[in-house]
Amino acid sequence: MLPEDTISVIMGIKYCRPELDTLRRSLDSILAQTYAEFELLICERGSSHLAKELLADYASRDPRVRVIDGSGAGSFSEQLNICLGQSRGAWIARMDDDDYSEPERFEKQLAYLRTHGGTAFVGCNVRLIQDGGDVGAQCFPENPQVRDFLFSMPFIHPALIFRREALEAAGGYSTLPRCDRCEDYDLLLRLYEMGYSGANMQEFLFRYSLPHNGISTRTCLLYTSPSPRD
């Protein structure tokens, strides 16, 4: 039986890079959280042998880490839904295998959600990292509105923590082909359409990884504030 305020951290990974430092850094940043009541669910499919060995090692050393066979999943959304279906926490946090969560991320985001009952999910501002070094920062609107989604994404998906009931009400992540690689955008718009809304803490609690060539295949576009209305 997990404590009532357990956070379920869900990750879908397919890690094939020759080096393991990025994956190790991501996992270590979760295990180093000041808020320790969490479970880390990792749905893995098609990763390298070395990456699988590393995941198994983490799971053997910390009972909070659970590695799930995702070989039957056909998409990233399906991997996340598998994690969601096996999760047991009242809160659902996202994380990716090449990002870094600051030690107080969970503690501060959960405190925010506890004191803002009308907020279904919360993110934060992020530092941008590339090739292991800081290359800038990205700030997001504190209380995004629907119009903020017009030209870019006003949230960083892997930096979010959700109320479980909101994700369940939305039916989790869409597995429709049209939502492939934009599952986060689809989910958040559906949540807003259902009357839920999110917020961004104006603190830098997350480090978001950019590819070394500066051209991202990640679905999350850096936020660009829309022009004021006339």
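How many bridges join β5 to β9, and in which sense do the two strands run? Two bridges join them, and the strands run antiparallel. Strands here count as paired if DSSP finds at least two bridges between them. Helices (H or I, at least four residues) and strands (E, at least two) are DSSP runs, numbered from the N terminus.

Some ground rules. This is a predicted model, in which local features need pLDDT of at least 70 and side-chain atom pairs count only at pLDDT 80 or more, while totals for chains, interfaces and linings use all residues. Residues are numbered from 1 along each chain as its sequence is written, and side-chain values use heavy atoms, with hydrogens and water left out.

Back to β9. Y100 stands opposite R207 of that strand. β9 also pairs with β6, in parallel and through ten bridges, and there L128 faces Y208.

Why does D99 count as buried? Its relative accessible area is 0%, and buried means under 20% (exposed is over 50%, partly exposed in between; 1.4 Å probe, protein chains only). The D99 side chain reaches the backbone nitrogen of S209 at 2.7 Å.

Next, β1. Seven of its seven residues are buried. I7, V9, M11 and I13 point one way, and S8, I10 and G12 the other. On pairing, β1 runs parallel to β2 with seven bridges, where I7 has F38 as its bridge partner. β1 also pairs with β4, again in the parallel sense, over four bridges, with I10 opposite R94. Together β1, α1 and β2 make a right-handed β-α-β unit. Right-handed means that, with the strands pointing away from the viewer, the path from the first strand over the helix to the second runs clockwise.

Now the packing. A nonpolar core is a set of buried Ala, Val, Leu, Ile, Met, Phe, Trp, Tyr and Cys residues joined through side-chain atoms within 4.5 Å. The largest one has 39 residues, and I7, V9 and F106 touch the most other members. Elements that each supply at least two residues include β1, α1 (21-31), β2 (38-44) and α4 (105-115). β9 gives the most, with six residues. A second, separate core has 23 residues, among them C83, L84, A166 and A170.

For V9, contact means heavy atoms within 4.5 Å. Leaving out residues up to four places away in sequence, V9 touches I30, F38, E39, L40, L41, A93, M95 and F106.

Two of those residues also pair with each other. Rings of Phe, Tyr and Trp (its six-membered ring) pair if their centres lie within 6.5 Å; planes under 30 degrees apart count as stacked, over 60 as edge-to-face and the rest as tilted. The count is seven aromatic pairs. F38 and F106 have ring centres 6.0 Å apart and planes at 75°, so the pair is edge-to-face. F38 lies in β2 and F106 in α4, 68 residues apart. F38 is buried at 5% relative accessibility, and F106 at 0%. Elsewhere, F121, F149, F155, F162, Y185 and Y192 form one aromatic cluster.

Last, α6 (residues 183-193). Its buried residues are E183, D184, D186, L187, L188, L191 and Y192. Their cover includes α3 (76-86), β6, β8 (161-163), α5 (164-169) and β9. After α6 comes G195, with a positive phi near 100°.

Conventions
Polar contact = N/O pair within 3.5 Å; in protein donor to acceptor, adjacent residues only side chain to side chain.
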